[in-house]
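Thank you all for coming; I would like to take a few minutes to walk through one protein model. Please have a look at the sequence and the structure on the screen while I talk.

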Amino acid sequence: MLLRKQYDLPLARDPSSRFLIWITLLMSYLAALALAGALLVGEMAARWDSGLAGGLTVQIAPLPGRADVPPLAARLEAALTVLRATPGVTRAEPLDADATARLLEPWLGPDAAKDPSLPVPRLIDVVTDGTVDAPQLARRLESAAPGTTLDDHAAWLADLRAFARSVVLAALGVVAVVGGAAVLAVVFAVRAGLAIHHNVVQLLHLMGATDRYVSRQFESHVLGLSLRGGLAGVALAAATLFGLQQAAEGLRASLLPDMDMAPWQWATLLVVPAAAALLAVGTARVTVLRTLEALP
């Protein structure tokens, strides 16, 4: 049995045991943080897709001092008329003063947007079915309501998607590098144990023990160490993530990414110690069998 506590080899007293449990803790900590980052960025990208895809934002600048330009309210109504008559536009609604103030709050503060002396533009939230010619619509809006600009979400949403994919791939790359380092650590620990207990291994062979029997001794030992180190590392990563989440909630900066993790995302972190244990057991088996096969 892999989980038995009695060994024919005194592996628990090896110096490499302490090294392996600490290196597993550190590797699991880093892997859990990288995995959590990948999950958070992936969910953020999904929110961008669901909230911004097929959307446009129309901005009408105040243009103070321009006597040849109609008032802001008149230009707003003209822009709404053009938008609602455009095929492919399913909704066009102006944002009220409170909604505009919430958008400007991260930059200007909670009260600056309500200052009558501040030239705040009017915004129109537009939803389309994806068939609208944005450049042509922008020209029609500028003609009907001077000082109007059109922001096509699809133009920069593609850049955000590419950035999110890059971050996720980088995080998964960190997990892969950490896994490779963990494999090397297990190889070192197992070979050190074989060198230390070389005479005992030979004695076991003389008594009829097979290489597979010796391998199971190391597998059981490595499994216990990797599970303890992996669980401790994930617990430390969870504490770090929780601390960051609490710190982010205390900041008045709506531009910060949402650090809240769903229950399934927290549960996903348990994949790290399980994967660390399986990787350690497999590496120990291959290392022991290949090393013993090479012995005379």
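This is a predicted model: local features need pLDDT of at least 70, side-chain atom pairs count only at pLDDT 80 or more; totals for chains, interfaces and linings use all residues.

Residues are numbered from 1 along each chain as its sequence is written, and side-chain values use heavy atoms, with hydrogens and water left out.

The secondary structure of the protein chain comes to 9 helices and 4 strands, where helices (H or I, at least four residues) and strands (E, at least two) are DSSP runs numbered from the N terminus. Followed along the sequence, the pattern reads α-β-α-β-α-β-α-β-α-α-α-α-α. Of the 296 residues in the chain, 35% count as buried; here buried means under 20% relative accessible area, exposed means over 50%, and partly exposed is in between, with a 1.4 Å probe and protein chains only.

Let me turn to the charged pairs. Side chains of opposite charge can pair when their charged atoms come close. The search of the whole structure finds 4 salt bridges, a salt bridge being a side-chain nitrogen of Lys or Arg within 4 Å of a carboxyl oxygen of Asp or Glu. One of them joins Arg84 to Glu93, with the closest N and O atoms 3.8 Å apart; Arg84 is partly exposed at 49% relative accessible area, and Glu93 is partly exposed too, at 38%.

Another salt bridge links the side chains of Arg91 and Asp125, at 3.0 Å from N to O. Arg91 lies in strand S2 (residues 89–94) and Asp125 in strand S3 (residues 122–128), so this pair ties together parts that are 34 residues apart in sequence. Arg91 has a relative accessible area of 35% and is therefore partly exposed, and Asp125, at 28%, counts as partly exposed as well.

Which residue does Arg212 meet in a salt bridge? The partner is Glu219, at 2.8 Å from N to O. Arg212 is partly exposed, with 29% relative accessible area, whereas Glu219 counts as buried because its relative accessibility is 0%. Salt bridges with shared partners join Arg212, Glu219 and Arg285 into one network.

Now to the spaces. The search was run on a 1 Å grid over the protein atoms alone, where a cavity is a set of points at which a 1.4 Å probe fits but cannot get out, a pocket is an open set with protein on both sides within 12 Å along at least five of seven lines, and lining residues have an atom within 4 Å of a point. How many cavities of 30 Å³ or more does the whole structure hold? The search finds 1, and the space in the largest cavity is about 70 Å³. Helices H1, H5 and H7 (211–249) each give two or more residues to its lining, and H7 gives the most, with 4 residues. Among the lining residues are Asp14, Phe218 and His221. By class, the lining has 7 nonpolar, 4 polar and 1 charged residues.

The second largest pocket holds about 300 Å³ of space. Of the 18 residues that line this pocket, Gly179, Val272, Ala275, Ala276 and Leu279 are the closest to its centre. The elements that give two or more residues to the lining are helix H1 (15–52), helix H5 (153–196) and helix H9 (271–294).

Lastly, some single residues. Ala145 sits in the loop between helix H4 (134–144) and strand S4 (148–152), and it is buried, with a relative accessible area of 0%. Ala145 and Ala74 are 71 residues apart in sequence, yet 8.3 Å apart in space, C-alpha to C-alpha. Val174, in helix H5, counts as partly exposed at 38% relative accessibility, and its C-alpha is 9.7 Å from that of Leu33, which is 141 residues away in sequence. Leu206 belongs to helix H6 (residues 198–206) and counts as exposed, because its relative accessibility is 76%.

How values were computed: Grid points are joined across faces, edges and corners, and a volume is the space filled by probe spheres set on the points. Ala, Val, Leu, Ile, Met, Phe, Trp, Tyr, Cys and Pro count as nonpolar, Asp, Glu, Lys and Arg as charged, and the others, Gly among them, as polar.
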